[in-house]
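This briefing is about how side chains pack inside a protein. Look through the sequence and the model before reading the points below.

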Amino acid sequence: MTRQIPGQRRTFPVSGVIFEHDTLVSLSDGLVMRVNVFRPETADRSPVIVTHGVYGKDVDWPSAPPYKAAWKMLLGKLPALKAKSTLAFMRWEMPDPERWVPQGYVVIHADARGTGKTPGQLDPLSPREIQDYKELIEWAAGQPWSNGRVGLMGISYYAITQWRVAALKPKGLAASMPWECAVDHYRDIAPHGGSASRFFIDAWYHRQVAVNAHGNRHTPLRDAITSEPSSSTASDTSFPSTQVDLAATFDAHPFEDAFHRERTPDLDAIETPILSVGNWGGAGLHLRGNIEGFLGARSNKKWLRIHSGDHFSPFYQEEALTMQRRFLDFFLRDIDNGWDKEPPIALVVRDPRHAFQSRDEDQWPLRGTRWTNLYLDGHRRALSATNPPEAKIVSFGCASTGATFVQDAEAGDCEITGPIRAKLWVRPSRADMDLFLVLRLLDPEGRDVTFEGANAPAFPIAHGWLRLSHRELDAERSLPWRPYHRHREPSQVEPGQDYAADIEIWPSSVVIPAGHRLALSVLGRDFILPGRRGYIGKLLARLYRTYPLIAALFMPGSAPFLHDGRDRDRFGGEHRILCGGPYDSHLVVPVIPADRG
C-alpha cells in the first residue's frame with residue numbers, strides 16, 4: 001500500500017486549484033478526522049462549502065457497487081455534465097469541486113467518525129458525530145484561506161445532518177442548503193406512523209454505510225485517488241473502529257424516546273439562512289423533513305423549493321447549480337444578486353399530460369387552499385362529497401390488496417397541492433393493526449397513473465401510515481391539515497372494538513385531469529402497484545441491497561420503504577373499515593382553485 005502523507009498536495013484537473021488530500025483536523029476528544037480540501041490558488045480569503053458524512057470522501061462513484069447504477073442513470077439524464085467537468089472528484093450526494101472552486105469557493109469533503117479514513121465508532125447521526133461536524137465547520141471558518149463564512153450543502157445524509165448541526169450554532173456557519181432530507185428522526189426516517197421500516201434501515205446501513213467503515217478490509221469500494229480500498233485499516237488504537245448494530249438499535253426504541261429525540265434537531269434554535277429543497281417523489285424519507293424544517297426553523301431568511309423526479313440528478317442540473325450558487329453567493333460573498341427578493345416557496349405541480357408547471361407561492365399550506373372532505377362510501381366503494389347516511393363495514397385480509405375507494409370523475413381539471421390527512425374508523429380483529437394508506441390517480445380506463453419517485457421509477461401520489469396503538473395525538477402540535485402523533489407509549493387496542501384514527505398522509509401535488517379519478521387504497525401491508533404480486537414483490541425486494549434499480553422494478557409503489565418483520569399473530573387477521581352513518585371516515589385533500597386570485 002502506498003504511504004499516504006496527510007495534507008499532501010495532489011494534482012487537480014483544473015488549473016488554479018490547490019487539492020490537499022487527507023488533511024488532518026483534530027477534534028475536542030482527541031480524535032483526528034481526515035478531510036479533503038479543494039481551494040483556489042489565490043491570496044484572497046474564500047467562502048467555504050463543507051460536506052461531512054458516511055459515504056466516503058474518496059469513494060469512486062462510477063465503480064462503487066451501491067452507486068454505479070445511479071451513476072449510469074445520472075449520465076443518461078445529464079450527458080452535458082461531462083462537458084463541464086471531468087467528474088473525477090464528484091462523490092455520491094456531494095457537490096463537485098470542479099464546478100465550485102473555479103467560482104471562488106473552498107470545498108471540503110470529510111469522512112465522518114468511523115468511516116473511510118477517519119477512525120472511531122461508526123454511529124450514524126449520533127450526537128458525537130454532529131459535534132464533530134460543528135467542530136469541523138469552526139475549523140474551516142478559522143483557516144487562513146477562509147473568509148470566515150461556511151455554507152453547507154449535499155443530498156440526503158449530507159442534508160439531514162445540516163439541520164442538526166445548524167441547531168448547535170457553530171461559529172462561522174452562514175448558510176445551509178439541505179437537499180432532500182429528513183428532520184424528525186422518528187417520524188421521517190424509519191417508524192412510519194409507528195410501523196417500523198426495518199427493511200430500508202438494514203439494507204441502507206449494510207449496503208452504503210458499513211461497507212465504508214474505517215478498517216473494513218473487505219470493502220468493495222475503491223479510492224478514486226489511490227485506487228486502493230476506500231477505508232483505511234484501523235489507524236488509531238485509542239479510538240477503536242467499531243460499529244453500532246443500527247437495525248437492533250431501532251428495534252430497541254419502537255417509541256419516540258431519548259434515543260430519537262437527541263437525534264432530532266431543535267428547529268427553533270436554527271437562525272441560519274436556509275434553502276430547503278424537497279422532492280414530491282420522496283415519500284418515506286425525503287420530503288416531510290424539508291417542509292417541516294422550513295416551517296419550524298426560527299430563521300427569518302428561509303426558502304422552500306420542491307421538485308419531482310429521482311433522488312440525485314436534480315441536484316446536479318445546471319438550473320439547480322445556478323440556484324445553489326445564487327443562494328451561497330448572497331450569504332457567503334455579499335453579492336447583491338437579488339436572492340433576498342426570491343419568493344419564499346417555489347414548487348412544481350405534477351400533471352400527467354405534459355411538462356410539470358413551476359409556480360411561486362408565499363405560504364404553506366398554499367394561500368386559497370380549499371380543504372375538501374371526501375367521505376368513504378362503503379356501499380359503492382367510493383369517495384363522496386357527503387357522508388353516506390347508512391353505515392357499512394368494509395373488510396379485507398391483512399395480506400390482501402385491501403380496499404379501494406374511488407372518486408367520481410370530474411368534468412374539468414382539479415389540482416391538489418399540500419398536506420393531506422385522513423380519519424378512519426376501524427375495528428381490529430387482533431391485538432393491533434397497521435394501516436397503510438395510498439392516494440392514487442386513475443386514468444379513464446382505471447389504470448394507475450404514476451410518477452417517477454426518488455427511489456423508484458413508478459410511484460403513486462402519496463403515502464400515509466399508522467399503527468393503531470400509536471393513534472394518540474399531540475394536541476399542541478397537531479394542525480387541522482396535519483395530525484401529529486405522540487408515539488410515546490402504546491394506546492389500548494381490543495379486538496372487536498371501534499376506534500377513530502387520524503392519519504398523516506405526506507404532502508403531494510398533482511393535477512387530476514378531466515375524466516381521471518382520485519382513489520384511496522387502505523391496506524394492512526405495503527402497497528404494490530397492480531400487476532405485481534405482493535409476496536413476489538417483497539421477495540424480489542431483497543435485491544435492493546445489491547441491485548437497487550432492478551429491485552425497484554419489482555416493488556413499485558412502496559420501494560424501498562417496506563415494513564416487514566411484523567408479528568402476524570398481532571397485526572394479521574381481518575381489517576375492518578367502518579364508513580357512513582355515525583362513522584365519518586373521510587379524506588381531507590387540499591384543492592387549489594384555478595381562480596384563487
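The model is predicted. Its largest nonpolar core has 104 residues, and helix α11 supplies the largest share of that core. The structure also holds 32 aromatic pairs.

**Nonpolar cores**

- In soluble globular proteins, nonpolar side chains tend to be buried together.
- Within the largest nonpolar core, of 104 residues, Ile108 and Leu328 touch the most other members.
- Helix α11, residues 318-332, gives eight residues to this core, the largest share.
- Leaving aside residues up to four places away in sequence, Leu328 touches Ile49, Trp100, Tyr105, Gly151, Met153, Ala175, Met177 and Arg333.
- Another core, of 38 residues, lies apart from the largest one, and its members include Ala403, Leu424, Leu435 and Val522.

**Helix α11**

- Helix α11 is 15 residues long and spans 20 Å from its first C-alpha to its last, which is close to the 21 Å expected at 1.5 Å a residue.
- The buried residues of α11 are Ala320, Leu321, Met323, Gln324, Phe327, Leu328, Asp329, Phe330, Phe331 and Leu332.
- Just after α11 comes Asp334, with a positive phi of about 60°.

**Aromatic pairs**

- There are 32 aromatic pairs in the structure. One of them joins Phe250 and Phe259 edge-to-face, with 5.9 Å between the ring centres and 90° between the planes.
- Phe250 counts as buried because its relative accessibility is 11%, under the 20% cut-off.
- Phe259 has a relative accessibility of 10%, so Phe259 counts as buried too.
- Phe330 and Phe331 form another edge-to-face pair, 4.9 Å centre to centre and with 80° between the planes.
- Phe330 has a relative accessibility of 18% and therefore counts as buried.
- Phe331 is also buried, with a relative accessible area of 10%.

**Charges over rings**

- Which residue lies over the face of Trp100? Arg325 does, at 5.4 Å from the ring centre. Trp100 is also among the residues that Leu328 touches.
- Over the ring of Phe451 sits the charged end of Arg350, 4.7 Å from the ring centre.

Notes. Residues numbered from 1 in each chain as written. Predicted model: local features only at pLDDT ≥ 70, side-chain atom pairs only at ≥ 80, totals over all residues. Heavy atoms only, no water. Phe/Tyr/Trp six-rings, centres within 6.5 Å; stacked < 30°, edge-to-face > 60°. Buried < 20%, exposed > 50% of the residue type's maximum accessible area, 1.4 Å probe, protein only. Lys NZ or Arg CZ within 6 Å of the ring centre and 35° of its normal. Core = buried A, V, L, I, M, F, W, Y, C linked by side-chain atoms within 4.5 Å. Helix = DSSP H or I, 4+ residues; strand = E, 2+ residues; numbered from the N terminus. Contact = heavy atoms within 4.5 Å. Expected span 1.5 Å × (residues − 1).
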